[in-house]
Amino acid sequence: MTFDALLKRAAGLARPGRRAILGIAGSPGAGKTTLAERVVRELNGDGPPWVAQVPMDGFHLADAELDRLGRRHRKGAPDTFDAAGYAALLRRLRTEEDDETVYAPGFERVLEQPLAGALPVPPTARLVVTEGNYLLLETGAWSRVRPHLDEVWFCEVDEAERVRRLVARHEEFGKDHARAVAWVRGPDQRNADLVATTRYRADVVVALPLRA
Ligand SMILES: Nc1ncnc2c1ncn2[C@@H]1O[C@H](COP(=O)(O)OP(=O)(O)OP(=O)(O)O)[C@@H](O)[C@H]1O
Ligand SMILES: [Mg+2]
């Protein structure tokens with residue numbers, strides 16, 4: 001699959017009178033955010049924005065709540081997100097009828113905390129690209145996500161490359177090398193294994209890097 005073919009697919013989801021939502025799933029570090037950003041940037045071009053990006057990562061529970069739940073050591077696992085809140089936002093994005101901006105939460109990588117009101121989805125957005133690990137999970141409130149998505153792509157990248165990039169990114173945001181490797185081999189890998197079991201539910205599997 002080429003990038004141009006993916007762009008055409010994404011653009012083709014938009015319909016008059018109703019906002020379309022494209023999901024991009026995949027394991028930690030597979031390249032979901034990078035692909036989503038590229039799709040949004042290319043489709044919007046220099047014109048008025050009609051495509052918006054909403055990350056699942058904005059629904060990370062705050063560290064204070066993870067401490068209260070005793071789940072901080074598994075941050076990034078399915079039960080460390082507000083999955084029901086994410087599904088509710090997708091439903092709202094889908095059904096919004098007023099000329100109203102919908103604010104989505106972002107994820108602040110330096111603080112490693114969610115940030116409310118970070119990402120405006122203007123009424124002019126006809127397509128929302130949402131991306132994250134657990135879009136295709138069928139357990140608990142995650143099962144309420146897929147019905148709001150028109151189509152889901154699943155990103156895949158060479159496993160050694162994925163691990164290398166994840167370690168590099170953990171280091172970039174403050175972990176020393178040993179802690180970065182331990183986190184990638186531990187919690188991140190358990191999450192990656194779980195995400196891999198949902199691949200078969202995707203509409204398209206996107207092998208990264210893309211051909212030109
Ligand atoms: N085509 C590429 N070439 C080189 N590096 C890339 C490419 N795509 C992504 N990366 C790098 O790999 C890392 C992971 O990419 P990205 O953040 O897009 O993945 P992700 O699936 O969103 O990860 P997470 O699950 O942690 O949110 C980033 O540091 C990014 O800069
Ligand atoms: Mg990401």
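Strand 1 and strand 5 run parallel and are joined by 5 bridges. The structure is a predicted model. Strand 5 (127–131) also contributes to the largest nonpolar core, a set of 45 residues. A shell of 14 residues surrounds ligand 1.

- The open sheet contains 5 strands in the order 2-5-1-6-7, and their pairing is parallel.
- Strand 2 and strand 7 (204–207) form the edges, each pairing on one side only.
- From one strand to the next, the twist averages 25 degrees.
- Strand 2 pairs with strand 5 in the parallel sense, again through bridges, of which there are 5.
- T130 of strand 5 is the bridge partner of G23, and T130 is also the bridge partner of V54.
- E131, likewise in strand 5, stands opposite P55.
- Helix 2 lies across strand 1, strand 2, strand 5, strand 6 and strand 7, and its direction makes an angle of about 165 degrees with strand 2.

- Strand 5 is mostly covered, with 5 of its 5 residues buried.
- In a regular strand, side chains alternate between the two faces of the sheet.
- Within strand 5, L127, V129 and E131 point one way, while V128 and T130 point the other way; all are buried.
- V128 and V129 have the most contacts inside the largest nonpolar core.
- Helix 1 (3–11), helix 2, helix 4 (83–95) and helix 6 (177–196) are among the elements that give two or more residues to this core.
- Leaving aside residues up to four places away in sequence, V128 touches R19, I21, A52, V54, L93 and V121.

**The shell around ligand 1**

- Among the 14 residues that surround ligand 1, the closest are P28, K32, T33, T34 and R165.
- By class, the shell divides into 4 nonpolar, 6 polar and 4 charged residues.
- Helix 2 (32–44) and helix 5 (159–172) each supply at least two residues of this shell.
- Helix 2 gives the most, with 3 residues.

**V145, a buried loop residue**

- V145 is located in the loop between strand 5 and strand 6.
- V145 counts as buried because 26 other C-beta atoms lie within 10 Å, and the cut-off for burial is 20 or more.
- Not counting residues up to four places away in sequence, the contacts of V145 are Y86, A87, L90 and L135.
- V145 and A84 are separated by 61 residues in sequence, yet their C-alpha atoms are 8.4 Å apart in space.

**Backbone features**

- The phi angle of E112 is near 55 degrees, a positive value in a residue other than glycine.
- E112 counts as partly exposed because it has 14 C-beta neighbours inside 10 Å, a number that falls between the limits of 12 or fewer for exposed and 20 or more for buried.
- The peptide bond from L208 to P209 is cis, with omega near -5 degrees.
- P209 belongs to the segment after strand 7.

Notes: Residues are numbered from 1 along each chain as its sequence is written. Chains are lettered from A and ligands numbered from 1 in the order in which they are written. This is a predicted model: local features need pLDDT of at least 70, side-chain atom pairs count only at pLDDT 80 or more; totals for chains, interfaces and linings use all residues. A residue is near a molecule or strand if its C-beta atom, placed from the backbone, lies within 6 Å of it. Helices (H or I, at least four residues) and strands (E, at least two) are DSSP runs, numbered from the N terminus. Ala, Val, Leu, Ile, Met, Phe, Trp, Tyr, Cys and Pro count as nonpolar, Asp, Glu, Lys and Arg as charged, and the others, Gly among them, as polar. A nonpolar core is a set of buried Ala, Val, Leu, Ile, Met, Phe, Trp, Tyr and Cys residues joined through C-beta atoms within 7 Å. Two residues are in contact if their C-beta atoms, placed from the backbone, lie within 7 Å. Two strands pair if DSSP finds at least two bridges between them. Axes are lines fitted to C-alpha atoms, for helices over the stretch in contact, and angles run from 0 to 180 degrees between N-to-C directions.
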